[in-house]
Amino acid sequence: MQPLANVTPFKPGSRAGAIQISNVGQVFKTATQDVVALSDVSLDIKPGRFVVLVGPSGCGKSTLLMMLAGLRQQTSGTILINEAPIPQPDPNRVGVIFQEPSLFPWLTAEENVEFPLALRRIPRSDRRAKAVDALKLVGLEGFGKRHPHELSGGMKQRVSIARGLVQDPPVLLMDEPFAALDEQTRMTMGDELLRIWAATGKTVVFVTHSLTEAVYLADEVVVMSARPGRIVDHLTISLPRPRTYEMLGGETFGTLRDRIWRHIRKSA
Amino acid sequence: MSAATLRRLIVVSLVVLWELLPRLGVIPELFLPSLSSTIAAGWNDAGEYGHALAVTLYEVGVSMLFACGGGILAGAIVGSLPRPRVLIMPMVSSLYAVPLVILYPVFTVWLGIGSESKIAFAAIYGFLPTMLSTAAGIQTIDPQLLLAARSMGATLSQRLTRVIIPAAIPTVLSGLRVGGALVIVGVVVSEMLISSAGIGYLISRYRTILDSPHVFAGVLLVLAMAIAFNAAIKWIERKASIWQTGTREGQRAADEIQAGTIQPATA
Amino acid sequence: MAGLGMKAARVAVVVALFAIWEILSRTGIVDPRLLPSASDTLLTLVELLQRAGIRNDLAVTASEVMVAFILAVPCGALIGFAIAENRYFAEVAKPLLFFAFSIPKSIFLPMFILVFGVGFSQKVGFGFFSTIFIVIMSTTTAVESVKVEHLTVARSYGATRLQTAFRVYLPSMLPVLLEALRISMIFNLTGVILAEMYASREGIGHQIATWGENFQMKQLLAGVVMVAVIAMTFNELIRSVETRCSHWRT
Ligand SMILES: Nc1ncnc2c1ncn2[C@@H]1O[C@H](COP(=O)(O)OP(=O)(O)OP(=O)(O)O)[C@@H](O)[C@H]1O
Ligand SMILES: [Mg+2]
């Protein structure tokens, strides 16, 4: 694991993706009633930005991410990722990391990372090389031969991130990826993620319930309201990068966090 | 003393008691002939026992093919389709209450007293638990794994071969363990009831002429078969179970099957 | 839980199976001598139930089952407790029990005949033998299902041994114990019927075996239906008690 210190802020590059969400709505038809999960959501995300979604539980954050991943189709509106709609999962454009690491327990860490490549029949030697690189990037060099049950929670989530990165997609979606981790691991994982982000230049959409985490990580924080989910605030976090632990106690940090908290309390 | 040592000691002393008690006349040789005379009886008629073993093994093998193949297939179908599952599972577990052995006379009428009736009976005997545990195994697959595979662009058939089947393996294996054990039971029981060949047949025939050593030589052979089967399954499980610790659900299903909560009566 | 529609669908499946049976036999697709029609079988069943001999057979089987059960459950439960209460015993005994559980018990039938002769005590003995292992194993599971936290709480409030037994152990174990009773009964019934089929002069298992040997298909199928219905009814009965007693389990 490299320390965070000498990380330079990232300059948008070719492997960053642009996301355009226009007037998107999602209605779930259940046996008893229609649930409007999202209504009229519009959001523009520039390539290479780190965007954090926050909002009360059940406001549709996961639903929005599922639609960005092509795992679910919106009932209205359009979603464009690098100028094209996403009617089905496309791992070349979007990598997804879930709250649970969702590693296949019968595969080693390396094989788990290779999994998306194996699905595309990429030759074994190429995929091994890519997996090794990805694992190195997340700081798991030398752990490739282990099975998931031989890894700690934080390490598992690193493998999951490596799996999301292995095809070098321009967009990375993360749904509460660190929620299941203890606070210390969570802090280190946040720093690690920033390092990886800075090194690769992806566009990241990150969902969390932790306001501290949101402000600490983000370029922009998008605040959503309770059902039906709408965007109620969109702030730019102007704190300089690299972010440091000392900033957490600073005045700017507090003000930003308060502002988000007030929105969430009002709508929940 | 460690538990394993004591356990070995118990097994060894049981074997020794089997030899000593009849020899010392504590137990009449008619009820329990000593181990040495049992082995001698089996050795002297090794040809007969060998032939019987071949017949029994053949029946066990074919039944296992039907019971386990059919059970895994049916279980996979029932387990992955929610509606048939809700419809069928309670009926199947209700069927468990029926002493299936009463079906054997029906099979002898239909198929005669040769191998066919034994195979039919044993296959049905082993089918249900294999099917139930496979269905349980498919159900306990973490839906999050399927979602993750889908997010990586896995097609339907890739999800089946690369996620569903490997994830179901531990539960299917414990189904095989129970199903296979029941197939052995089914074959031996049916041979003992009405038949003209096999180890069960030898046990029954020597019983009617009160030749205890020969009866127990058969019993010993069946015990050896059960031990061999258990060892084989353990070996397969070890080979396939590097990751078993990873799925609590699958482990619990396996435990339940082992504890007999979803297992029909063995006779 | 299953809705009304599901229940109706299940009834429909059973009715359909009987209908197929009836049609196969009536149309002669299957030789009616090998498969008498469902209606004939049910009529035979009614007729059988009116025979004093058959009712006597049922009574014999029932009494064998009851005696074996009454003997096996306390014995098995006692051994099960002893094993579960002591970690060391449990570790020693469990693999042995699993093995005993997995071998075909039927191979010991000749031994029971040699020792007890053919008769009541031999059936009870074999029924006992087929049941006791599952009772031991389920009791162990039941004891292990008692949560350590609950015991600690009880102790911290100063519960006596007796109070702990009645207020923590019993209610925690009740659902598992009922389940154990149900499964033990299945094993017990199987053991007794097998013993009757193997060598006997009376009992319903003996009748079924005899009908089979004499190719009396109508009686044979009627007997199979009879035993199956009795077993399933009994099973569902215990299961309904079970659901009532375990309402607090989630
Ligand atoms: N498959 C579905 N069918 C019906 N309703 C659904 C379905 N999936 C989600 N919903 C509803 O849509 C709304 C948004 O759900 P979603 O999971 O996106 O919320 P979330 O913001 O991710 O919540 P959390 O912060 O708790 O993860 C919720 O009210 C939920 O009940
Ligand atoms: Mg969510």
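These entries record what I looked up about two interfaces in a predicted model.

**Conventions.** I am working from a predicted model, in which local features need pLDDT of at least 70, side-chain atom pairs count only at pLDDT 80 or more, and totals for chains, interfaces and linings use all residues. Residues are numbered from 1 along each chain as its sequence is written, chains are lettered from A and ligands numbered from 1 in the order in which they are written, and side-chain values use heavy atoms, with hydrogens and water left out.

**Entry 1: chain A against chain B.** I looked up the contact (heavy atoms within 4.5 Å) and found 20 residues from chain A and 20 residues from chain B. Next I took the buried area, that is, the accessible area (1.4 Å probe) that two parts lose on being put together, summed over both. For chain A and chain B this is about 1,900 Å², with 71% of it on carbon and sulfur atoms.

I then checked for salt bridges (a side-chain nitrogen of Lys or Arg within 4 Å of a carboxyl oxygen of Asp or Glu). Between chain A and chain B the count is zero. Polar contacts are pairs of N or O atoms within 3.5 Å; within protein, one must be able to donate a hydrogen and the other to accept it, and residues adjacent in sequence count only if both atoms are side-chain atoms. I noted four residue pairs in polar contact across this interface, both residues at pLDDT 80 or more.

On the side of chain A that touches chain B, helix α2 (residues 109-119) of chain A gives the most, with four residues. Helices here are DSSP runs (H or I, at least four residues), as are strands (E, at least two), numbered from the N terminus.

**Entry 2: the domains of chain A.** An automatic or database domain assignment gives the bounds: domain 1 is 17-83 + 170-268 and domain 2 is 102-168. Their centres, taken over C-alpha atoms, are 25 Å apart. Domain 1 of chain A puts 13 residues into the contact and domain 2 of chain A puts in 11 residues.

The two domains bury about 1,000 Å² between them, and carbon and sulfur atoms give 70%. I noted that Met189(A), Ile196(A) and Lys202(A) supply 39% of the area that domain 1 buries against domain 2, more than any other three residues.

Here I counted two salt bridges. Arg158(A) forms a salt bridge with Glu192(A), with the closest N and O atoms 3.0 Å apart. On the domain 1 side, β6 (171-175) and α5 (183-200) of chain A each supply at least two residues, and α5(A) has the largest share, six residues.
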